[in-house]
Structures are given as C-alpha cells and as structure tokens.
Amino acid sequence: MAADLQAKYQKLAQEYSKLRAQNQVLKKAVVDEQGQGTSLKEELKMKDQCVRKLQQEMDSLTFRNQQLAKRVELLQEELVTTEAKGKKNKQKNADPPSQMNQQLQSVFDEDLQNKIEENERLHKQVQEAQEKHRQIETELRERLVVLERDTMQHHAVVDGLKQKYMDTIEKLQNDKANLEMIAVVGLEGGVEGALVKSHSLEREAKECRLRTEECQQQLKNIHADLSSRLDQSTSIIQEKIPFNDRRFAEYNTLDVPVHDRRHQLKARDLNGQALAFVRDLVGALLNLHTYTEQRIQIYPIDSATDTISPLNQKFSEYLHENAAYVRPLEEGMLHLFESITEETVTTLETTVKLKPFSDVFTSYVCFLKKILPYQLKSLEEECECSLCTANLQARNMELQSDMQKMTAAFEKLQVYISLLTLPSTTPEMLLQTNHNVVFTQLAACLHSLHDVMKDISKHYSQKVSLEQELPTITQKLKNTNDCILSSVVALSNVTGKVGTFFSNNLDFFTAPSVYGSRVGMGIIDPLAAECMLENKKKAAAYIKSLKKSCPGSVPYEEALANRRTILSSTESREGLSQQVQQSQEKIAKLEQEKEHWMLEAQLAKIKLEKENQRLTELESQLKTTFTGPVPSIGSIQENGAIAKIEELQLVERDSSEPVRCTSLVGMLTTSIINNEIPDAESREQLIKSHYMMRVAELTSQLQIADSKSVHFFAECRALVKRLALAEKSRETFSEEIKVANQNVVRLQDELTTTKRSYEDQLSMMSDHLCSMNETLSKQREEIDSLRMGSKGNAKKNRGR
C-alpha cells in the first residue's frame with residue numbers, strides 16, 4: 001500500500017514538474033508574442049508613413065496628369081486650328097492635301113500617343129502601389145488577429161494549468177489524509193513497522209500543526225498590521241494628497257528633470273562649434289554662387305562685347321538672389337545657439353528654434369533644385385562651344401553629374417534635419433526609438449556630401465587646368481576660375497570638418513534624453529516642455545528666495561507681553577471712549593466758563609478804567625476850584641454835595657451812550673435806558689444766549705464736517721475696491737494680450753511658411769512653364785521648318 005502511494009506521489013511530482021516547465025515555456029511564448037505584437041505595431045506605423053508618402057506621390061502624379069491633359073487639350077485645339085487652316089487653303093487653292101499637314105498630324109499623333117502611354121504607365125504604377133499597400137495591410141491585420149487569438153489561447157492554457165495545479169494540490173491533501181487513516185488502521189492491527197511509522201508521522205503532523213498554527217498566528221498579526229497601515233496610509237492619502245499626478249503620463253512630463261549642467265555646457269559648446277562651421281559654409285556657398293555668376297557673364301560669351309544667351313541670363317538672375325537664401329542659414333543657427341543656455345534643458349523636444357533653421361535650409365534646397373537645370377544647360381552650352389575639346393567636354397559631363405549629386409545630398413540632408421524638428425512640433429510623428437537612426441543617417445549623409453564636394457573640387461581643378469591651355473582665355477576668366485576653385489576647396493574642407501565633428505559627437509547626440517530617467521514620462525509634448533521650463537524657472541526662483549536671510553523675529557516673552565497689552569487695550573476700548581467723551585464735555589464746559597470769566601474780567605477792567613478816569617477828572621476839578629484859601633469843613637461838604645450832583649449829571653449824560661464789551665469770541669454792545677444801570681443777571685443772560693448760539697453753530701459745522709468725512713471715507717473705500725478690480729482686469733487683459741500676441745506670432749509664422757511653400761510651388765510651376773515654353777518653341781520651329789520644306793517641295797512640284 002505504501003509503495004503504491006509512493007508511486008502515486010512520484011507520478012504526481014513528475015506531472016507537476018512537467019506542468020511547471022510547460023508553464024514557463026508558455027510564459028516565454030506569451031512574452032515573445034507580445035514583443036512581436038509591439039514590433040508589428042511599429043511596422044504598421046512605418047507602413048502607414050509609406051502609405052502617406054505614396055499618397056503624396058499619387059497627388060503629384062495626378063497634378064502632372066492634369067497638366068498633361070491640359071497640354072493634350074491645347075495640342076488638340078492647335079490641331080483643330082491647323083486642320084481648319086488646311087481646309088481653308090484647300091478651298092482657296094483646290095490643291096491636294098499637302099505633305100506638311102500629314103507630317104504635323106503624325107507629330108501630334110505621336111506626341112499624344114506618348115503622353116497617353118505615359119499616363120497609362122503612371123496609372124498602372126499607382127494602382128500597383130495601392131494594391132501592394134492593401135495586401136500588406138491585410139496581411140498585417142490578419143497576422144495581428146492571429147497573434148491576438150494565440151495570446152488568448154495562451155492565457156486560457158495558463159488559467160487551465162493553474163486550475164489543474166489547484167486540483168492536484170487538493171488531491172495530494174486528500175491522499176495525505178488517507179495515509180493518516182491507513183497509519184491509524186495499521187496501529188490497530190499491531191504491525192510494529194507501521195506503528196513506528198505512524199508515531200513518526202504523528203510527531204511530524206503535530207509539528208506541522210504547531211508550525212501551521214504559528215504561521216496562521218503570524219499571518220493574522222501581519223494581516224492586522226498591514227490592514228491598519230493600509231487604513232492609515234489611505235486616510236493620509238485622502239486627506240493630504242488630494243491630487244496624485246503620477247498615474248498620468250501627460251502630467252509626468254511637466255515634472256522638472258534633474259538639471260545636468262555639464263550636459264548643458266557641452267550642448268552649448270557643440271552648438272557654438274556648429275555655428276562656426278555654418279558660418280564657414282555660408283561664406284563658401286556665397287563665394288561659389290557669386291563667382292559662378294561672374295563666370296557666366298564672361299564665358300563662353302563675354303557680356304561686355306556681346307549678349308549672352310537667354311538661358312544664361314535667367315541663370316545669372318537666379319544666382320544673383322543667392323544671398324537671400326544663404327544668409328538666413330547663419331541667422332537661424334545663431335538663434336538656435338542663443339536659445340541654448342545653462343538654465344534650459346536641451347533635448348529635441350525643447351529645441352523649438354531648430355524648426356526655423358530647418359525651414360531656411362529647405363528654402364535653400366529649393367533654390368538649389370531651381371538652379372540645377374540651368375546649371376546643367378549652361379555646361380551643355382559650354383560643351384557646344386567651338387573651342388571646347390573632348391577632354392573638356394568629359395570634365396563638363398562629370399561636373400554635371402557632380403552637381404546633381406550635390407543637390408541630391410543637400411536634399412537628403414534637408415529631409416533628416418526636418419525629421420529632427422518633428423519632436424519639437426509633432427512628437428507623435430517620430431518615435432524616440434528612431435532618434436538614433438536619424439542621427440546616424442545624418443552623419444552618413446554629411447560624409448557623402450563631403451565625398452561629393454571632393455569630386456567637384458577634383459573635376460573642377462582638371463577643368464581649370466584644361467581651360468588654361470586654351471588660346472582665347474583671358475586674365476579675368478583665369479581669376480574667376482581660381483576664385484571658384486578656392487570656394488569649392490573651402491566647401492570640401494568645411495563639409496569634411498562638419499562630418500568628422502558630427503561623427504565624433506554622435507554618442508552625445510544619440511545619448512538617451514533626460515526625460516528617460518524619469519518614471520512614466522514617455523513622449524513629451526512641445527507645449528508641455530515649455531510649461532516644464534517655466535516650472536523650472538519658478539522652482540529656481542523659489543530656491544533663491546529660500547536662500548535669503550529671514551528678518552529678525554520678536555522674542556517670545558515680548559510677543560506675549562505685547563499680546564496682553566493688545567487684549568487689555570481692546571477690552572478697555574469702550575471705557576476709554578466713554579472717558580474721552582466725558583473729558584470732551586468737561587473741556588467744553590470749562591472753555592465756556594473761561595470765556596465767561598474772561599468777559600467779566602474785561603468788563604471789570606473797563607469799569608476800573610472809567611473810575612480812574614473819573615477820579616482824575618475830579619482831582620483836576622478840585623485843583624481848579626481850590627486854588628484860593630483852604631476851605632472849611634462846611635465848604636468841603638458843600639463841595640462834596642456839588643461833586644455828587646455833578647457825578648449824577650455825568651452819569652445821566654453817559655446813560656444815553658452805549659456801552660461796548662469786547663472779548664475773544666466777539667463784541668457785545670449794551671445801553672442804559674431810563675437812568676437805570678443794567679444788573680449782572682441781564683448781562684449774564686445775554687452772554688449765555690450769545691455763547692449758546694455760537695456753540696450751536698460750531699456743533700452744526702462739526703456735524704457737517706463729520707458727515708463729509710464719512711462720505712469721503714466711503715468714497716475712498718469704493719475707489720480702493722474699484723482700483724483692485726481695475727488691477728485684476730488689467731492683469732487679465734495683459735494675459736489676454738500676451739495670448740493674442742502669441743497667436744499673432746504663430747499665425748505670422750504659419751503665414752510665412754505658407755507663403756514660402758506657395759513661392760516654392762510657384763517657382764516650380766514657373767520652371768515647368770519655362771521648360772514647356774522651350775519645348776513649344778522647339779516644336780514651333782520644327783513646324784516652321786516643315787512648313788518651309790513643304791513650301792519648297794510644292795514650288796519644286798510646280799516648277800516641274
């Protein structure tokens with residue numbers, strides 16, 4: 001029985017190991033399929049890009065087809081007109097159909113047949129490309145569906161294996177329980193071996209139970225601890241972290257990355273070296289185009305003695321405009337150099353100044369493509385010259401192929417530079433995994449451009465040496481050839497330096513971006529990069545503000561004392577206001593009493609002056625009356641009575657005159673009527689009524705002033721509020737103005753780009769029209785020659 005159980009255990013263990021190995025294999029297969037799925041998605045994206053390119057080519061072909069259709073219509077109209085003219089000539093002369101009309105008809109038929117065949121061939125190519133793209137797309141979609149189905153099956157197999165593992169575990173537990181029961185039965189049977197084995201099994205089972213209980217207890221404790229920590233952390237997260245932006249990649253792109261000052265300094269240094277190389281390249285290109293224009297004016301026909309051909313005239317006009325296309329290259333690289341500083345973060349996503357340089361380079365490449373056919377025709381015209389030898393013709397042919405290669409190399413370079421500008425404008429068009437490929441291809445393109453420039457310098461030096469042997473060569477042409485050769489050699493040297501510079505620093509250019517070190521950043525948007533740079537400036541300003549020294553603080557005890565005094569003063573504010581009111585009332589009463597007593601003192605002073613004046617008058621009268629002998633007592637009494645009578649008369653005389661009382665406040669005038677002296681009560685009543693009127697006027701003025709002050713205070717508060725609102729509105733308007741200015745700048749940039757694109761299209765169309773006009777002129781010349789030949793034949797026939 002034990003042997004059977006052991007065999008079962010071994011079988012189960014073997015099956016378990018097999019299933020485990022199968023599970024690992026399936027996991028590897030699932031991971032491989034996922035990798036293949038991602039690679040297929042990337043391949044699908046590349047195919048979509050190819051489809052877009054094919055669609056663009058198809059649009060260009062349709063445009064060309066429309067032009068050809070218009071050309072066919074024009075030719076048909078000309079054919080109709082020529083047939084009508086032929087019919088008229090037939091009616092006039094009644095001659096048989098001439099050979100000229102037949103030849104014209106055959107020429108037009110051949111041209112029409114060629115255009116129709118070319119149109120059919122182009123349609124076939126477009127249809128084949130569309131069919132090929134559809135087949136590739138359907139194959140990729142079918143493959144993607146199959147892979148998704150396989151992944152679903154693999155997931156189902158993994159789930160089934162997990163379920164099978166659970167079933168085998170339950171089965172093993174049941175077998176274990178059966179074994180324990182068998183061990184108990186063996187004990188009852190009295191088998192000694194089974195008894196020993198059962199004791200050992202029981203001991204192991206007890207130990208296992210104890211271990212399981214300990215493990216369960218530890219698991220409960222750990223679960224309780226983790227649950228408490230989880231609750232605490234969730235509460236802290238809910239209370240303290242209301243907004244968690246680590247889950248969203250578009251928010252992670254706004255994080256300020258680690259600032260690498262060495263990286264920035266090296267980027268600025270490399271950009272400075274590139275600026276120096278671009279300046280040398282611009283100077284060499286300007287010299288090449290300028291001296292080429294000068295050579296056209298001299299050779300093969302000197303413009304000073306004779307007129308040059310129309311083609312060379314047009315070529316010279318185009319070359320005269322070279323500075324408008326070459327100079328902006330240096331300006332664009334200078335702006336790019338100025339945008340890279342120690343404070344910025346330099347990556348392909350943040351270098352927004354690379355787009356203007358790419359646009360300027362694109363315009364220069366269009367200029368090269370525009371002057372290329374004229375350059376080739378000019379070399380052909382030099383070959384047609386009578387003094388041109390076979391070796392010189394061979395050198396001219398080599399220069400023609402070299403010029404085509406140079407234009408193609410510049411065009412290829414422009415494609416890779418425009419690809420490098422995509423991360424700063426539309427990052428979804430160029431994945432980060434393809435940055436290294438673009439940089440390596442750009443380095444290879446620079447080396448190929450250097451090779452082309454070496455070939456041009458070699459072939460042109462041979463051409464110059466051959467032209468030196470011509471007998472009709474002038475000193476002016478020699479100097480011009482030497483200048484062109486020096487400019488070509490300078491171009492070769494500059495392109496070689498640029499290629500070696502780019503190859504030596506290719507590791508720096510292809511190094512992973514600083515955003516790759518941040519978790520979950522992914523593709524960064526140009527607007528997000530701009531916001532990130534603003535956040536970096538704010539963070540630097542915040543750190544700088546933290547480094548400032550804090551102002552001196554008030555000691556704690558002094559602050560407590562100040563707080564107590566403030567609290568006590570606020571509590572006793574009402575009492576102090578009441579005391580102030582009472583003291584003001586007391587001051588007002590005391591001022592009234594002061595005025596009253598000052599008035600009384602003035603009245604008493606007036607009385608004293610009057611009494612003193614009266615005494616002086618009486619003394620003077622006594623002196624005048626008693627100038628004789630000394631009077632007796634009776635006479636003195638009589639004189640005293642007389643003086644009293646005179647005094648009464650004086651008082652009566654003075655009673656009719658008013659009495660004036662002046663004070664600090666005003667002046668009071670009183671009069672004595674009916675020989676009565678005013679008493680103190682009437683005088684006091686008058687003073688009181690006067691001062692009460694004065695106090696009432698002052699209180700009314702004070703109330704008016706208080707109301708005005710309250711009104712002014714309310715107006716000031718309203719003005720302050722209006723000022724705050726005006727400041728806010730000014731800030732909002734300033735922000736709106738900034739946004740509007742940014743929109744204006746963006747629209748101007750778009751306008752300039754559209755204008756450039758339209759100008760390029762117009763230049764291409766004008767070139768095409770020129771070539772068509774040339775072909776038309778050639779056809780007309782052939783027609784005229786055929787007409788002249790037909791007329792000559794007709795005259796010969798008539799002469800016969």
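Which residues form a nonpolar patch on the surface, with about 320 Å² of accessible area together? They are Tyr-542, Ile-543 and Leu-546. Accessible areas here come from the Shrake-Rupley method with a 1.4 Å probe, and for residues only the protein chains shown count as cover. Patches take residues with over 30% relative accessible area and no salt bridge; like charges are joined within 9 Å, and nonpolar side chains (Val, Leu, Ile, Met, Phe, Trp, Tyr) within 5 Å. Leu-546 belongs to helix H14, residues 526-546.

Before going on, a word on what this is. It is a predicted model, where local features need pLDDT of at least 70 and side-chain atom pairs count only at pLDDT 80 or more, while totals for chains, interfaces and linings use all residues. Residues are numbered from 1 along each chain as its sequence is written, and side-chain values use heavy atoms, with hydrogens and water left out.

Now the whole chain. There are 18 helices and 2 strands. Both are DSSP runs numbered from the N terminus: helices are H or I with at least four residues, strands are E with at least two. Of the 800 residues, 25% count as buried. Buried means under 20% relative accessible area, exposed means over 50%, and partly exposed is in between, with a 1.4 Å probe and protein chains only. The accessible surface comes to about 56,000 Å², and 57% of that belongs to carbon and sulfur atoms. A contact means heavy atoms within 4.5 Å. Among contacts between residues at least 6 apart in sequence, 83% join residues at least 24 apart.

Next, the aromatic rings. Rings of Phe, Tyr and Trp (its six-membered ring) pair if their centres lie within 6.5 Å; planes under 30 degrees apart count as stacked, over 60 as edge-to-face, and the rest as tilted. That rule gives 11 aromatic pairs. Why does the pair of Tyr-364 and Phe-410 count as edge-to-face? Because the planes stand at 80°, with the ring centres 5.9 Å apart. This pair links distant parts of the chain, since Tyr-364 is in helix H8 (residues 354-383) and Phe-410 in helix H9 (residues 390-420), 46 residues apart. Tyr-364 and Phe-410 are both buried. For Phe-502 and Phe-509, the centres are 4.8 Å apart and the planes at 25°, so that pair is stacked. Phe-502 counts as buried because its relative accessibility is 9%, whereas Phe-509, at 23%, counts as partly exposed. Tyr-364 and Phe-410 also belong to one aromatic cluster with Tyr-325, Phe-357, Phe-361 and Phe-367.

Is Asn-505 buried or exposed? Asn-505 counts as buried, because its relative accessibility is 14%. Leaving aside neighbours within four places in sequence, Asn-505 is in contact with Lys-266 and Leu-270.

Last, the charged side chains. Side chains of opposite charge can pair when their charged atoms come close. The rule for a salt bridge is a side-chain nitrogen of Lys or Arg within 4 Å of a carboxyl oxygen of Asp or Glu. How many salt bridges are there by this rule? The count comes to 15.

One of them joins Glu-137 and Arg-141, at 3.0 Å from N to O. These two are 4 residues apart in helix H2 (residues 99-189), so about one helical turn separates them. Glu-137 is partly exposed at 23% relative accessibility, and Arg-141 is partly exposed at 48%.

Arg-295 forms a salt bridge with Glu-382, with the closest N and O atoms 3.4 Å apart. Arg-295 lies in helix H5 (residues 261-298) and Glu-382 in helix H8, so this pair ties together parts that are 87 residues apart in sequence. Arg-295 and Glu-382 are both buried.

Within helix H9, Arg-395 and Glu-398 are 3 residues apart, about one turn. They form a salt bridge too, the closest N and O atoms being 3.0 Å apart. Arg-395 is buried at 16% relative accessibility, while Glu-398 is partly exposed at 25%. Elsewhere, salt bridges that share partners join Arg-295, Glu-382, Lys-463 and Glu-467 into one network.

Lys-463 is in helix H11 (residues 435-468). Lys-463 counts as buried because its relative accessible area is 2%. Leaving aside neighbours within four places in sequence, its contacts include Arg-295, Glu-382 and Arg-395.
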